[in-house]
Amino acid sequence: MESVMQFKMLSIYCLLLILAGCTPVDKAKDKSSNLVWPAAPAQARVAFDYTFTNADDIGIKKGFWQTLGEFFVGPDDARMIRPMAVASNKQGVIFVADPGVRGIHRFNLSENEYDLIRLKDGKELPSPVALVSDQNGNVFISDSKLGKIFWLPSGAEYAEELKLDTDLKQPTGIALSSDGKHLFVVDTAQHQVLLFNKGRLLKRFGKRGKGEGEFNFPTMIWHQNGSILVTDSLNFRIQKFGVNGRYLGQFGQLGDASGFHARPKGLATDEAGRVYVVDSLFHNVQIFNSTGQFLLDIGEQGRGEGQFWLPTGIFIDHQKKIYVADSHNRRIQVFHYLGTE
């Protein structure tokens, strides 16, 4: 018995020596690459920054007690399995919706913490496919299998159901108005966009079809500057609406060349109004100007840096960082826009 205790104490002492020699490194800041788009001799507009699949990849180190526990019971390495959507906020937190782990990865860079977010009592989120964060750090999550919207208060340990007065069939993309008071929800199965305020349905628009303001299995949505963009996936286009649902325009069509669409999914805009569209079957991100004119594409099929395999979600933060959910490569890739107007 005494020898067992001595062995355990010796093990702990060795672990302390190992930990003492470990100096945290912010891998997200250390990575560098010469990958740019378009390639030389053209003027570079977008550059690759880094990629990550778990907390350690971006410099989030495990605490002493977590490391000590894993020393005896084995590591608990929460890696991405099928990341579908990504978002970050001004508080230095990155969120990744991952149906593969049936939850939300929360990477808190400022606090050096990682959490896997689910529901109360450890209940799982079977199909989280989209998320959006408000100015206060609260996060809203859509789960297409449960047919519900959940919200994660800033710093909370688990997500809670957002009570709505209207049933949803297959919620996918979600977006918030600039003041955070209105929630837009894409319901793919109903071919509609629904607008809520504090859980109360204010408006719904759209129906199945190919005409202006009609949808054929819409998926994702993005709000900026008083208008919303919707990925009308199986009509192979992006449609633009006012926040009241008034149709404003569209761009895109089915094709196999740059500027066309094969399976458009996630979309986002930057501060200059450029529209970034993730195309899962093209395995790339296409960039358009605010009127829908094609500008540039990023990536190709593959597993290397700057390559994609069935990517889905995208998010652009206030620092021009472009986060892409590279779903079947099980990672998030990060780029930044560096071109002039």
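**Notes on a hairpin pair, a pocket and one threonine**

1. Let's start at a turn: β13 and β14 form a hairpin with two residues between them, and lysine 198 in that turn has a positive phi of about 50°. Strands here are DSSP runs (E, at least two residues), helices are runs of H or I of at least four residues, and both are numbered from the N terminus. This is a predicted model, in which local features need pLDDT of at least 70, side-chain atom pairs count only at pLDDT 80 or more, and totals for chains, interfaces and linings use all residues. Residues are numbered from 1 along each chain as its sequence is written, and side-chain values use heavy atoms, with hydrogens and water left out.

2. The pairing of β13 with β14 (residues 200-205) is antiparallel and runs over five bridges; two strands pair if DSSP finds at least two bridges between them. Within this pair, leucine 195 stands opposite lysine 203 in β14.

3. β13 has another partner to look at. Strand β12 (residues 182-187) pairs with β13 in the antiparallel sense over six bridges, and phenylalanine 196 in β13 is the bridge partner of leucine 183. These strands form a hairpin too, with four residues between them, and histidine 191 in the turn has a positive phi of about 55°.

4. How many residues of β13 (192-197) are buried? Six of its six are, where buried means under 20% relative accessible area, exposed over 50% and partly exposed in between (1.4 Å probe, protein chains only). Gln192, Leu194 and Phe196 are buried on one side, and Val193, Leu195 and Asn197 on the other.

5. Now the largest pocket, which has a volume of about 930 Å³. A pocket is an open set of points on a 1 Å grid over the protein atoms alone, where a 1.4 Å probe fits, with protein on both sides within 12 Å along at least five of seven lines. The volume is the space filled by probe spheres set on the points, which are joined across faces, edges and corners.

6. The lining of this pocket has 39 residues, with Ser133, Trp222, His223, Phe315 and Ile316 nearest its centre; lining residues have an atom within 4 Å of a point. Strand β15 gives the largest share, five residues.

7. Finally, threonine 53 lies in the loop between β2 (46-52) and α3 (64-73). Threonine 53 counts as buried because its relative accessibility is 15%. Leaving aside neighbours within four places in sequence, threonine 53 is in contact (heavy atoms within 4.5 Å) with Ala78, Arg79, Met80, Arg330 and Arg331.
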